[in-house]
Amino acid sequence: MLQVSIIVPVYNEEESLAELHNWIQRVMDENAFSYEIIFVNDGSIDQSWSEILKLGALNPHVKGINFVRNYGKSAALDIGFGKAKGEVVITMDADMQDSPDEIPELYDMIVAGGYEIVSGWKKKRYDPITKTVPSKFFNWVTRVISGIKLHDFNCGLKAYKNRVVKNIHIYGEMHRYIPLIAKWNGFSNIGEKIVEHRPRKYGETKFGIERFLNGFLDLISVSFVNRYKKKPMHFFGFLGTVSFLTGFIITSWLIFEKIYGIYKGLRVRDITDQPLFFLALVALIIGVQLFLTGFLAEMMTSNNSRKADYNIDEEFNFKS
C-alpha cells in the first residue's frame, strides 16, 4: 500500500495546477513518501484537464479523473476516496491556499498519533470579513449540534486513515461535514491541526455568501440522514403515533361528550359541527400517512445500494 494519497478537486484552476503539483512533488520526495496525486476535474470549463494530462505525462504518480460536468466538491472527493490506495488520505484544494508543507505532520498525526481524522484549522485567514464572520458563526453552530470540537469544519486540508474514507459516502454539499459523517459511522478519534492559510494567488473564489445558508440546510439534512437512515420508521413512526393518538383522543372525547349529553338530556351539537372534529380527522389522516411513509422509507433503505453515479469522461493511471 502507498503511504500517501493526495486528492485534489479541481474546478477552473488551470493557472495553479503546475505550481501545486511541483510543490507536492518536492514535499513527497524530501520525505521519501510513496504516494499518488489524484486530480479530480469537476467539469472545469477552462484548460484544467489539459494541464492535468500534461502533469500525468511528466509524473507517473499523478492520476486524473475528468467529470463530464460539474457535480460539486463532494462528488469529486467521493470518487477520489473510492480510488485512493494510500495508508493516509490527504485532501486539499487546488487554489494554492492550502500548503503541501503541512502533509508530513498530518501524516504523522494519523500514523504515529493514532488519529482517524485530522482536520486543518485556518486560525489566521486571508479572507474578507464578509466570509470570516459568517464562517465562525457557522462553525460554532456545527460544534454545538455535532459535539465535535473543531474550529474549522470547512477547511479543505484534512487527513484520514484509508479505512475511514472507504466506509463513508458523501454527496450533495456534504464535504464540510465529513468529520460528522465519520463520527456517526464509528470513527470518533478526530484531531485538529493549525495550518497555514495562504492568500489566493490565482483566480477568484468559487463560493458566495449563499453557501452559508446552504451549509445550515446541509447540516439539518446530514443530521437527519445519519441518525435515521437505518431506522426511518423511528422518526416517521414516532410522529405518526403522536398525530394518530392526538386525533384518536380528540375523537373519543367528542363521542363521549355527545353520549354523556344525550344521557343527561342536555342539548348537544352534532359532532360534525365542531371544529375539533375536523382537527381530529386531519390528525388521524396525517398519522396514517406518516406510518406509510415510514414503511416505504424502511423498504427503500433496505434495497438502496447507496452508490451515487457520476459520469466520468476520462481517467488515467488507474490500475485495477
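**Rings, charges and strands**

Modeller: Tyr-260 counts as partly exposed, at 42% relative accessibility. Please bear in mind that this is a predicted model.

Biologist: And is Phe-256 buried or exposed, or something in between?

Modeller: Phe-256 is partly exposed, with a relative accessible area of 47%. The ring centres of Phe-256 and Tyr-260 are 6.0 Å apart, and their planes meet at 25 degrees, so this pair is stacked.

Biologist: Why does that angle make it stacked?

Modeller: Because planes under 30 degrees apart count as stacked, and the planes of Phe-256 and Tyr-260 are at 25 degrees.

Biologist: How far apart are Phe-256 and Tyr-260 in helix α9?

Modeller: They are four residues apart in helix α9, and are therefore separated by about one helical turn.

Biologist: How many aromatic pairs are there by this rule?

Modeller: The count comes to 12 aromatic pairs. One of them joins Trp-253 to Phe-256, with 5.9 Å between the centres and 40 degrees between the planes, and is tilted. Both of these residues belong to helix α9, which covers residues 232-263, and they are three residues apart, about one turn of the helix.

Biologist: Which residues do ring pairs link into a cluster?

Modeller: Phe-67, Tyr-71 and Tyr-310 are linked into a cluster by ring pairs.

Biologist: Which charged end sits over the ring of Phe-318?

Modeller: That of Lys-83, which lies 5.0 Å from the centre of the Phe-318 ring.

Biologist: Moving on to charges: how many salt bridges does a search of the whole structure find?

Modeller: The search finds 11 salt bridges. Among them is the pair of Lys-193 and Glu-102, whose side chains meet at 2.3 Å, N to O.

Biologist: Where do Lys-193 and Glu-102 lie?

Modeller: Lys-193 is in strand β7 (residues 190-194), while Glu-102 is in the loop between β4 (86-91) and α4 (103-111), so the bridge ties together parts that are 91 residues apart in sequence.

Biologist: Is Lys-193 buried or exposed, and what about Glu-102?

Modeller: Lys-193 is buried, with a relative accessible area of 8%. Glu-102 is buried as well, with a relative accessible area of 11%.

Biologist: What does Lys-258 meet in a salt bridge?

Modeller: The side chain of Lys-258 meets that of Asp-270, at 3.5 Å from N to O. Lys-258 belongs to helix α9 and Asp-270 to the loop between α9 and α10 (275-303), so this bridge joins parts that are 12 residues apart in sequence. Lys-258 counts as partly exposed at 24% relative accessibility, and Asp-270 counts as partly exposed at 41%.

Biologist: Which residue forms a salt bridge with Lys-54?

Modeller: Glu-51 does, with the closest N and O atoms 3.5 Å apart. Both residues lie in helix α2 (residues 48-58), three residues apart, about one turn of the helix.

Biologist: Which residues are linked in a network of salt bridges?

Modeller: Arg-26, Glu-30 and Asp-101 are linked in such a network.

Biologist: Finally, the strands. How many bridges join β4 to strand β6?

Modeller: Four bridges join β4 to strand β6 (residues 158-161), and the two run antiparallel. Val-89 stands opposite Tyr-160 in β6.

Biologist: And how many join strand β5 to β6?

Modeller: Three bridges join strand β5 (residues 117-121) to β6, and this pair runs antiparallel. Ser-119 stands opposite Lys-158 in β6.

How values were computed:
Residues are numbered from 1 along each chain as its sequence is written. This is a predicted model: local features need pLDDT of at least 70, side-chain atom pairs count only at pLDDT 80 or more; totals for chains, interfaces and linings use all residues. Side-chain values use heavy atoms; hydrogens and water are left out. Rings of Phe, Tyr and Trp (its six-membered ring) pair if their centres lie within 6.5 Å; planes under 30 degrees apart count as stacked, over 60 as edge-to-face and the rest as tilted. Buried means under 20% relative accessible area, exposed over 50%, partly exposed in between (1.4 Å probe, protein chains only). A charge sits over a ring if NZ of Lys or CZ of Arg is within 6 Å of the ring centre and within 35 degrees of the ring normal. A salt bridge is a side-chain nitrogen of Lys or Arg within 4 Å of a carboxyl oxygen of Asp or Glu. Two strands pair if DSSP finds at least two bridges between them.
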